[in-house]
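Here's a quick briefing to keep beside the structure while you look it over.

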Amino acid sequence: MNKYLLLLFLLLCLMNPVNATAGQIYLNENNNGEVLYIQEEQTVDLILDSNPSTGYSWNYSTKPDSYIMEETGHEFRNTQALAEKPPIIGAEEKECWSYKASKTGKTTICLWYIRPWESRMPLKTFTAEINVLPQIKVLLNQNPLEFDVPPIIEDDHTLVPLRAIFEAIGAEVNWFPDTQTVIATKDNKIIKFIVGNNTASINGTDVQLEVPSIIIKNSVMVPLRFILEALGYKVEWDGNNTINIYS
(Lines give C-alpha, C1' and ligand atoms only; values in the text may rest on other atoms or scores of the structure.)
Protein backbone atom coordinates (compact mmCIF):
# COMPACT_ATOMS: atom_id res chain seq x y z
CA MET A 1 0.00 0.00 0.00
CA ASN A 2 1.25 3.49 -0.84
CA LYS A 3 2.68 5.02 2.34
CA TYR A 4 0.57 8.16 1.92
CA LEU A 5 -2.61 6.11 1.59
CA LEU A 6 -1.56 4.25 4.71
CA LEU A 7 -1.12 7.57 6.52
CA LEU A 8 -4.58 8.71 5.40
CA PHE A 9 -6.13 5.45 6.60
CA LEU A 10 -4.48 5.73 10.01
CA LEU A 11 -5.57 9.34 10.37
CA LEU A 12 -9.18 8.40 9.60
CA CYS A 13 -9.02 5.69 12.23
CA LEU A 14 -7.80 8.25 14.75
CA MET A 15 -10.51 10.75 13.81
CA ASN A 16 -13.45 8.39 14.08
CA PRO A 17 -14.28 6.09 17.00
CA VAL A 18 -14.70 2.60 15.56
CA ASN A 19 -15.26 -0.77 17.15
CA ALA A 20 -12.30 -2.43 15.47
CA THR A 21 -13.06 -5.73 17.14
CA ALA A 22 -15.70 -7.01 19.51
CA GLY A 23 -13.30 -6.38 22.38
CA GLN A 24 -11.76 -3.01 21.45
CA ILE A 25 -13.26 0.48 21.40
CA TYR A 26 -11.74 3.71 20.07
CA LEU A 27 -12.74 7.10 21.47
CA ASN A 28 -11.83 10.63 20.48
CA GLU A 29 -12.99 14.20 21.12
CA ASN A 30 -16.32 13.45 19.42
CA ASN A 31 -17.15 11.30 22.46
CA ASN A 32 -16.72 14.19 24.90
CA GLY A 33 -19.62 14.28 27.36
CA GLU A 34 -20.93 10.84 26.47
CA VAL A 35 -22.11 8.08 28.77
CA LEU A 36 -20.51 4.86 27.52
CA TYR A 37 -21.41 1.24 28.17
CA ILE A 38 -18.76 -1.42 27.72
CA GLN A 39 -18.20 -4.95 28.94
CA GLU A 40 -15.60 -6.50 31.19
CA GLU A 41 -12.32 -7.35 29.45
CA GLN A 42 -12.94 -4.87 26.63
CA THR A 43 -10.10 -2.47 25.88
CA VAL A 44 -10.51 1.24 25.21
CA ASP A 45 -8.14 3.54 23.31
CA LEU A 46 -8.71 7.26 23.91
CA ILE A 47 -7.03 9.45 21.26
CA LEU A 48 -7.00 13.25 21.60
CA ASP A 49 -5.30 16.06 19.67
CA SER A 50 -2.30 17.41 21.55
CA ASN A 51 0.66 19.70 20.93
CA PRO A 52 3.30 19.30 23.65
CA SER A 53 5.68 21.74 21.92
CA THR A 54 3.35 24.58 23.03
CA GLY A 55 3.56 23.49 26.66
CA TYR A 56 0.00 22.22 26.63
CA SER A 57 -0.80 18.65 27.57
CA TRP A 58 -3.73 16.61 28.81
CA ASN A 59 -3.85 16.11 32.57
CA TYR A 60 -6.33 14.19 34.66
CA SER A 61 -8.90 16.25 36.51
CA THR A 62 -10.62 13.01 37.52
CA LYS A 63 -8.71 9.80 37.05
CA PRO A 64 -10.75 6.65 36.37
CA ASP A 65 -11.03 4.14 39.18
CA SER A 66 -8.16 1.75 38.48
CA TYR A 67 -10.14 -1.20 39.85
CA ILE A 68 -12.77 -0.63 37.15
CA MET A 69 -10.74 0.87 34.28
CA GLU A 70 -7.05 0.02 34.41
CA GLU A 71 -4.78 2.36 32.45
CA THR A 72 -2.40 0.16 30.47
CA GLY A 73 -0.59 2.74 28.34
CA HIS A 74 -0.03 6.43 27.57
CA GLU A 75 1.96 7.80 24.64
CA PHE A 76 2.27 10.52 22.02
CA ARG A 77 1.92 9.58 18.37
CA ASN A 78 3.45 11.86 15.76
CA THR A 79 1.54 11.29 12.52
CA GLN A 80 4.36 12.92 10.54
CA ALA A 81 6.57 9.96 11.33
CA LEU A 82 4.14 7.62 9.60
CA ALA A 83 4.94 9.26 6.26
CA GLU A 84 8.71 9.04 6.89
CA LYS A 85 9.08 12.81 6.66
CA PRO A 86 11.25 14.98 8.91
CA PRO A 87 9.08 16.01 11.89
CA ILE A 88 7.68 19.52 11.77
CA ILE A 89 8.38 21.55 14.89
CA GLY A 90 5.11 22.46 16.56
CA ALA A 91 3.12 19.93 14.52
CA GLU A 92 0.07 18.60 16.29
CA GLU A 93 0.29 15.09 17.64
CA LYS A 94 -2.09 12.54 19.08
CA GLU A 95 -2.02 11.84 22.80
CA CYS A 96 -3.24 8.33 23.46
CA TRP A 97 -4.34 6.38 26.52
CA SER A 98 -5.14 2.68 26.67
CA TYR A 99 -7.46 1.16 29.27
CA LYS A 100 -8.80 -2.25 30.12
CA ALA A 101 -12.21 -2.78 31.71
CA SER A 102 -11.25 -4.92 34.68
CA LYS A 103 -14.34 -4.93 36.87
CA THR A 104 -18.01 -4.01 36.69
CA GLY A 105 -18.92 -0.56 37.95
CA LYS A 106 -19.14 3.10 36.98
CA THR A 107 -16.24 5.52 36.73
CA THR A 108 -15.36 8.79 35.01
CA ILE A 109 -12.49 9.94 32.83
CA CYS A 110 -11.97 13.71 33.01
CA LEU A 111 -9.00 15.38 31.31
CA TRP A 112 -8.00 19.05 31.09
CA TYR A 113 -5.82 20.44 28.32
CA ILE A 114 -3.59 22.87 30.19
CA ARG A 115 -0.13 24.24 30.74
CA PRO A 116 0.60 22.70 34.16
CA TRP A 117 2.39 25.82 35.45
CA GLU A 118 -0.54 28.14 34.63
CA SER A 119 -3.55 28.66 36.89
CA ARG A 120 -5.99 29.68 34.13
CA MET A 121 -8.96 27.59 33.02
CA PRO A 122 -8.19 24.68 30.67
CA LEU A 123 -8.09 25.37 26.95
CA LYS A 124 -10.39 22.38 26.42
CA THR A 125 -11.68 19.42 28.39
CA PHE A 126 -12.71 15.82 27.82
CA THR A 127 -15.14 13.93 30.05
CA ALA A 128 -16.74 10.52 29.64
CA GLU A 129 -18.71 8.38 32.07
CA ILE A 130 -17.78 4.72 31.69
CA ASN A 131 -20.17 1.98 32.77
CA VAL A 132 -18.53 -1.44 32.79
CA LEU A 133 -21.08 -4.23 32.52
CA PRO A 134 -20.67 -7.96 33.05
CA GLN A 135 -20.13 -9.97 29.90
CA ILE A 136 -23.51 -11.49 29.12
CA LYS A 137 -23.71 -13.97 26.28
CA VAL A 138 -27.03 -14.49 24.53
CA LEU A 139 -27.45 -17.65 22.46
CA LEU A 140 -30.40 -18.24 20.13
CA ASN A 141 -30.68 -21.97 19.42
CA GLN A 142 -26.98 -22.25 20.37
CA ASN A 143 -25.97 -19.41 18.01
CA PRO A 144 -24.41 -16.33 19.69
CA LEU A 145 -26.09 -12.97 19.09
CA GLU A 146 -24.11 -9.76 18.64
CA PHE A 147 -25.34 -6.39 19.93
CA ASP A 148 -24.22 -2.82 19.23
CA VAL A 149 -25.07 -1.98 22.84
CA PRO A 150 -24.21 -4.75 25.33
CA PRO A 151 -27.00 -6.33 27.40
CA ILE A 152 -27.45 -4.85 30.86
CA ILE A 153 -28.96 -6.11 34.11
CA GLU A 154 -31.59 -3.91 35.72
CA ASP A 155 -33.16 -5.09 39.00
CA ASP A 156 -32.10 -8.69 38.22
CA HIS A 157 -33.65 -8.54 34.74
CA THR A 158 -31.66 -8.60 31.50
CA LEU A 159 -32.37 -5.87 28.96
CA VAL A 160 -31.17 -6.17 25.36
CA PRO A 161 -31.38 -3.94 22.26
CA LEU A 162 -34.89 -4.36 20.89
CA ARG A 163 -34.17 -4.27 17.18
CA ALA A 164 -31.31 -6.77 17.37
CA ILE A 165 -33.31 -9.38 19.27
CA PHE A 166 -36.46 -8.96 17.16
CA GLU A 167 -34.59 -9.15 13.88
CA ALA A 168 -32.81 -12.28 15.13
CA ILE A 169 -36.15 -14.06 15.63
CA GLY A 170 -37.70 -12.66 12.45
CA ALA A 171 -40.19 -10.31 14.09
CA GLU A 172 -41.38 -7.08 12.46
CA VAL A 173 -40.53 -3.97 14.48
CA ASN A 174 -42.04 -0.50 14.20
CA TRP A 175 -40.71 2.46 16.19
CA PHE A 176 -42.73 5.65 16.70
CA PRO A 177 -40.29 8.26 18.07
CA ASP A 178 -42.91 10.95 18.73
CA THR A 179 -44.57 8.78 21.38
CA GLN A 180 -41.55 6.52 22.03
CA THR A 181 -43.76 3.55 21.26
CA VAL A 182 -42.62 0.17 19.95
CA ILE A 183 -44.90 -2.28 18.18
CA ALA A 184 -43.52 -5.74 17.38
CA THR A 185 -45.38 -8.38 15.38
CA LYS A 186 -44.65 -12.08 14.98
CA ASP A 187 -46.87 -15.11 14.35
CA ASN A 188 -50.13 -13.19 14.86
CA LYS A 189 -48.94 -11.73 18.17
CA ILE A 190 -48.66 -7.99 18.58
CA ILE A 191 -46.62 -6.58 21.44
CA LYS A 192 -46.85 -2.88 22.17
CA PHE A 193 -45.04 -0.87 24.81
CA ILE A 194 -43.86 2.66 25.55
CA VAL A 195 -40.31 3.39 26.66
CA GLY A 196 -40.20 4.04 30.40
CA ASN A 197 -43.68 2.60 31.00
CA ASN A 198 -44.18 -0.45 33.24
CA THR A 199 -47.18 -1.61 31.22
CA ALA A 200 -47.11 -3.41 27.87
CA SER A 201 -49.88 -4.99 25.83
CA ILE A 202 -50.07 -8.35 24.07
CA ASN A 203 -52.82 -8.51 21.45
CA GLY A 204 -54.57 -5.67 23.26
CA THR A 205 -54.33 -7.14 26.78
CA ASP A 206 -52.33 -5.09 29.28
CA VAL A 207 -49.44 -6.84 31.02
CA GLN A 208 -47.35 -5.48 33.89
CA LEU A 209 -43.59 -5.32 33.31
CA GLU A 210 -41.21 -5.90 36.21
CA VAL A 211 -38.78 -3.43 34.61
CA PRO A 212 -39.62 -0.84 31.94
CA SER A 213 -37.76 -0.45 28.67
CA ILE A 214 -35.10 2.26 28.50
CA ILE A 215 -32.99 3.98 25.84
CA ILE A 216 -29.19 3.70 25.81
CA LYS A 217 -27.19 5.33 23.00
CA ASN A 218 -30.26 5.53 20.74
CA SER A 219 -31.05 1.84 21.28
CA VAL A 220 -34.30 0.81 22.94
CA MET A 221 -33.46 -1.78 25.60
CA VAL A 222 -36.23 -4.24 26.43
CA PRO A 223 -36.65 -6.98 29.07
CA LEU A 224 -35.49 -10.09 27.25
CA ARG A 225 -37.45 -12.77 29.10
CA PHE A 226 -40.79 -10.97 28.91
CA ILE A 227 -40.52 -10.28 25.19
CA LEU A 228 -39.43 -13.75 24.13
CA GLU A 229 -41.67 -15.76 26.43
CA ALA A 230 -44.61 -13.68 25.19
CA LEU A 231 -43.69 -14.84 21.68
CA GLY A 232 -43.47 -18.49 22.70
CA TYR A 233 -39.71 -18.85 23.20
CA LYS A 234 -38.04 -20.62 26.10
CA VAL A 235 -35.45 -18.56 27.98
CA GLU A 236 -32.90 -20.07 30.36
CA TRP A 237 -30.22 -18.38 32.48
CA ASP A 238 -27.35 -20.77 33.16
CA GLY A 239 -25.96 -18.86 36.15
CA ASN A 240 -22.71 -18.21 34.28
CA ASN A 241 -23.71 -14.97 32.50
CA THR A 242 -25.11 -16.89 29.54
CA ILE A 243 -28.73 -16.76 28.38
CA ASN A 244 -30.00 -19.57 26.18
CA ILE A 245 -33.04 -18.96 23.98
CA TYR A 246 -34.87 -21.85 22.34
CA SER A 247 -37.64 -21.62 19.77
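This is a predicted model, and its protein chain has an average pLDDT of 82. A pLDDT of at least 70 is reached by 85% of the residues.

**Confidence along the chain**
- Strand β7 (residues 105-114) comes out highest, with a mean of 96.
- At the other end of the scale sits helix α1 (residues 3-15), where confidence is lowest, at a mean of 37.
- Over residues 1-21 the pLDDT stays under 50, and for this stretch the model has 28 contacts beyond four places in sequence.

- Three elements put at least two residues each into the lining: β12 (157-161), α4 (224-230) and β20 (234-237).
- Of the contributors, α4 gives the largest share, with four residues.
- Sorted by class, the lining residues are nine nonpolar, five charged and three polar.

**A look at Asn131**
- You'll find Asn131 in strand β8 (residues 124-133).
- Is Asn131 buried or exposed? Asn131 counts as buried because its relative accessible area is 11%, and the cut-off for buried is under 20%.
- Setting aside neighbours within four places in sequence, Asn131 is in contact with Val35, Leu36, Tyr37 and Ile38, and also with Gly105 and Lys106.

Conventions. Residues are numbered from 1 along each chain as its sequence is written. This is a predicted model: local features need pLDDT of at least 70, side-chain atom pairs count only at pLDDT 80 or more; totals for chains, interfaces and linings use all residues. Side-chain values use heavy atoms; hydrogens and water are left out. Ala, Val, Leu, Ile, Met, Phe, Trp, Tyr, Cys and Pro count as nonpolar, Asp, Glu, Lys and Arg as charged, and the others, Gly among them, as polar. pLDDT is the predictor's confidence in each residue, from 0 to 100. Contact means heavy atoms within 4.5 Å. Buried means under 20% relative accessible area, exposed over 50%, partly exposed in between (1.4 Å probe, protein chains only).
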